[in-house]
Amino acid sequence: MDLLSVARGPALHYALFIFLFGVLWRLVGVSLLAAKPDYSEPRRPASWKGLRMIVLRFWPRREFAARSAMTSALGYVFHAGLFIVFFFCLPHVLFLEDLFKPLFGGNLTRLTGLSWPYLSGGLIMMSAAVTVAALVALLVHRIASPVKRLISNFDDYFSWLVTTIPLLTGMLASAHLGAPYQTLLALHILSVDLLLVWFPFGKLMHSFTIFVVRGISGMSYERKGAAL
Amino acid sequence: MDPQGTVGEALRHQGVSRRSFLKFCAAMASMMGLPPDAAAAIAESLAKARRPSVIWLPFQECTGCTESLTRSNSPTVESMIFNMISLDYHETLFAAAGEAAEAAREKAIKENFGRYLLLVDGSIPTGLDGAYSCIGGVSNVQMLQEAAKGAAAIVAIGTCAAFGGLPKANPNPTGAVPVSALVTDRPVINVSGCPPIPVVITGVLAHYLTFGSVPELDALGRPKAFYGDTIHDRCYRRPFYDQGKFAKTFDDEGARSGWCLYELGCKGPVTYNACATVKWNDGTSFPIESGHGCLGCSEPDFWDKGDFYKALPTGTWSAGRTLAVAAAAGAAVGAAAAAVSRRRQAAIAKEK
Amino acid sequence: MSALQDIAVKVIGPGGLSGNVEALLHEIATLLAALATEGRSSSIDLQGLPLTPADREYLRQRLGAGEVRALVNALGPSEVRETAYRGVWWVTHRNAADELCAELIEVTPVPQILLADRQEIVDALERLRLCLCDGAARGP
């Protein structure tokens, strides 16, 4: 079997399996853990207001904003760019529609089932370029800042790598640059397979866990009467 | 049957005029992408070339490749190559049959040992010791191995001979293999396609006759002159692909406007062949121009590479069940881990 | 069930001039210069060039027509037309089904395909002599 068939076939199959298995393992495992009983008096009456923390923590607090605004902003640039590239590039749209066919139905003509519009190749390429630039800038900052460098571990750097490689290989494949198209496409899909396999076991899980964690922290702060 | 002198003499004896020959050389040069001045050089060396003995062995095939080549009864520019060679054995085209034909084959092999060109059509079944396909009691495996011993070069015509083709498709009940799996000590030229474009076949033969050597081959053994670009690279609908204009169904507005067929399953981006430039039926059209996506028929295992009508990025497997199992298994393991953790916490609390 | 002719087909042609004709004419001029000074014949394969249908029409107009127009019937029709520029010929080869095989601009005193081959002349002499013998034997 040639590289592309392996990448699109068994490799992707197993990678998706591991991804889904791992994500559900961690999410279900954590959410079913017993919470330690809190015997202290609640300072404020019980309410869902604590969940505001999910939204509030999307931007640093006033006191810290001056120092971390740049990093936060760059982070959002990267996330937005990745969102655009992943969800609005035509081959990805076709792939995802096919992937979700068991849930949403649909046939070969994209007239039924899940379907959403795509952006032109040029726009996607530009978004990808901006995303990679933001990623590189963030890495440089991480290495240059003494504090961040001190606390960075393998997880941080490896997660950065498995996120950047698919973007780079995707751009190369789209431009048909550097190797025969089949090879570029195979490398792109293999790099995505790597990302999927790593996802449940590193800090990439934040994509799911931030909402849970912020919610719990928020509720806890609310109960304690602390400012969110 | 001995080869009668040179190619030039053979054509003369068959009543093919010099002008027809020059026209053939001009067409060949144009089609092979050679500079037109090469036509004169081709004419000169081809006329002086010794007329090679050619043996055509048909194995596990549908005869489509032979059909592709022999479309007309009268000699045409394209089929003139067959006036130039001495076709010493071809089961379908032979007048003789049975033992007389087999005797002719054995004689041709013996008399031209080491010099003849072997053309193979169809895959070779290896299951049941090769019993799935026999000619005159001799299995294809045996016949190929015998014939390959004395061949100067071997041309595997069609995807079946080149890569296994349809017989090799899942689940391959006859154990079909391509020529290159059984012949490893001779140059094998893979002219793939289901069928290959007729002029591509004649172009390869013309190259061999003119230059006496195997043309430059790609990683899969296909002549780079015809299989160097993908369909996608030379497709006239490429501007629509680049602009994002795709047909969503057959015969919709986009399809009628001639838009790109990527969403309708076209395998053009990963298929190497000359269809987009040389086209079919002497330059009339090719599948995409006629409104149907490329099947990828010149690539190995194209029958198993996913639905012909599902776009290239879609998976070659059905995801539903696997993903459901993965999700369920993950949830189960997570729940089990949580249960273990809870029990331990309860035990610690009880100790306290 | 619609018939074939009921299916509307909208053809979006590439159209327009690409500017390649000017470059091609310059190349022809260079080749014609070589023919004039050194006597070297050459040709250009039009099928290998990126020319739109509009380009081809424009090229035909620019090159014009000369004094000679020859139709060769060899395994299909071939047409040899002299352009308005002596020494520049437009040669079109078609097969028996009238489909295009090759299209060339030949820069030469006379295209090869019009010449009679030496070996064929010898064969023809033999045949003619045979024909004359037969005629003589049969009497007046």
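What percentage of the 352 residues of chain B count as buried? The share is 55%, with buried taken as under 20% relative accessible area, exposed as over 50% and partly exposed as in between (1.4 Å probe, protein chains only). This is a predicted model, in which local features need pLDDT of at least 70 and side-chain atom pairs count only at pLDDT 80 or more, while totals for chains, interfaces and linings use all residues. Residues are numbered from 1 along each chain as its sequence is written, chains are lettered from A and ligands numbered from 1 in the order in which they are written, and side-chain values use heavy atoms, leaving out hydrogens and water.

On to the overall build of chain B. There are 16 helices and 9 strands in chain B, read as DSSP runs numbered from the N terminus (helices H or I, at least four residues; strands E, at least two). The C-alpha trace of chain B spans about 110 × 50 × 30 Å along its principal axes. For contacts (heavy atoms within 4.5 Å) between residues of chain B at least 6 apart in sequence, 75% join residues at least 24 apart.

Over in chain A, helix 3 covers residues 62–88 and bends by about 75 degrees at A:Ser68, the bend being the angle between axes fitted to the seven residues ending there and the seven starting there. Buried residues of this helix are A:Ala65, A:Gly75, A:Phe78, A:Gly81 and A:Val85. Their cover includes helix 4 (90–99), helix 6 (121–144) and helix 8 (154–175) of chain A.
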